[in-house]
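Hi there,

Here is the structure I promised to pass on. Have a look at it first, and my notes follow below.

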Amino acid sequence: MPRIRVLRRELLEDGIPQRVEVPGQAILVVSLDGEVHAVSDTCPHNGASLSDGLVRDGCVTCPSHLWRFRLSDGARQGQEQVRLAVHSVEITDDGWVEVDVPSPAAPRSMREILLAHARGEMVD
Ligand code: FES
């Protein structure tokens with residue numbers, strides 16, 4: 001899994017989400033109480049950018065339909081099987097935020113697409 005340098009640590013204000021683009025996806029990076037989290041920036045409901053949402057109490061709230069996701073594990077509150085991808089983060093000695101980014105996902109099977117649709121997730 002490639003690790004990608006995304007931004008300088010000093011550019012993160014506590015509780016203010018930042019959207020970063022990496023090949024094939026967008027990632028939300030946020031500092032909470034000094035700990036840096038990185039999750040998928042794309043809401044699994046209908047694709048809104050979560051970096052436009054509000055971060056509070058360890059969660060990000062989607063600005064479109066108010067689904068809330070824990071930043072620690074990506075789980076949607078009240079529907080834990082719906083999750084954001086969580087990326088491990090490392091802060092380098094010289095002050096960069098680096099995130100692990102998986103290679104682009106393989107296409108989903110029809111069964112996976114139907115199950116995702118039944119869960120109310122965005123189906124592309
Ligand atoms: S697009 Fe995020 S809750 Fe609907």
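Predicted model: local features only at pLDDT ≥ 70, side-chain atom pairs only at ≥ 80, totals over all residues.

The hairpin they make has 2 residues between the strands, and in it Gly-24 takes a positive phi near 85 degrees.

On to the next neighbour. Strand 3 also pairs with strand 4 (residues 35-40), again in the antiparallel sense, this time over 6 bridges. Here Val-30 is the residue that stands opposite His-37 in strand 4.

If you step back, these strands are part of an open sheet of 4 strands, ordered 2-3-4-10, with antiparallel pairing. Strand 2 and strand 10 (86-87) are at the edges and have a single partner strand each, so one side of each is left without a neighbour in the sheet.

What about the interior? The largest nonpolar core holds 19 residues, and those that touch the most other members are Ile-27, Leu-28, Val-29, Val-39, Val-60 and Val-99. At least two residues of this core come from each of strand 3, strand 4 and strand 12 (96-100). Strand 3 gives the largest share, with 4 residues. As background, nonpolar side chains in soluble globular proteins tend to be buried together.

Leaving aside residues up to four places away in sequence, Val-39 touches Leu-28, Phe-69, Leu-71, Gly-74, Leu-84, Ala-85, Val-86 and His-87.

Finally, the chain as a whole. There are 12 strands and 1 helix, and along the sequence the pattern reads β-β-β-β-β-β-β-β-β-β-β-β-α. The radius of gyration is 14 Å, close to the 14 Å that the globule rule gives for 124 residues, so the chain is as compact as a globular protein of that length. Along its principal axes, the C-alpha trace spans about 45 × 30 × 20 Å. Buried residues account for 24% of the 124 residues. Of the contacts with a separation of 6 or more, 43% are between residues 24 or more positions apart.

Happy browsing, and do write back with any questions!

Best wishes

Key: Residues numbered from 1 in each chain as written. Pairing = 2+ DSSP bridges. Core = buried A, V, L, I, M, F, W, Y, C linked by C-beta atoms within 7 Å. Buried ≥ 20, exposed ≤ 12 C-beta atoms within 10 Å, placed from the backbone. Contact = placed C-beta atoms within 7 Å. Rg over C-alpha atoms; globule rule 2.2 N^0.38 Å.
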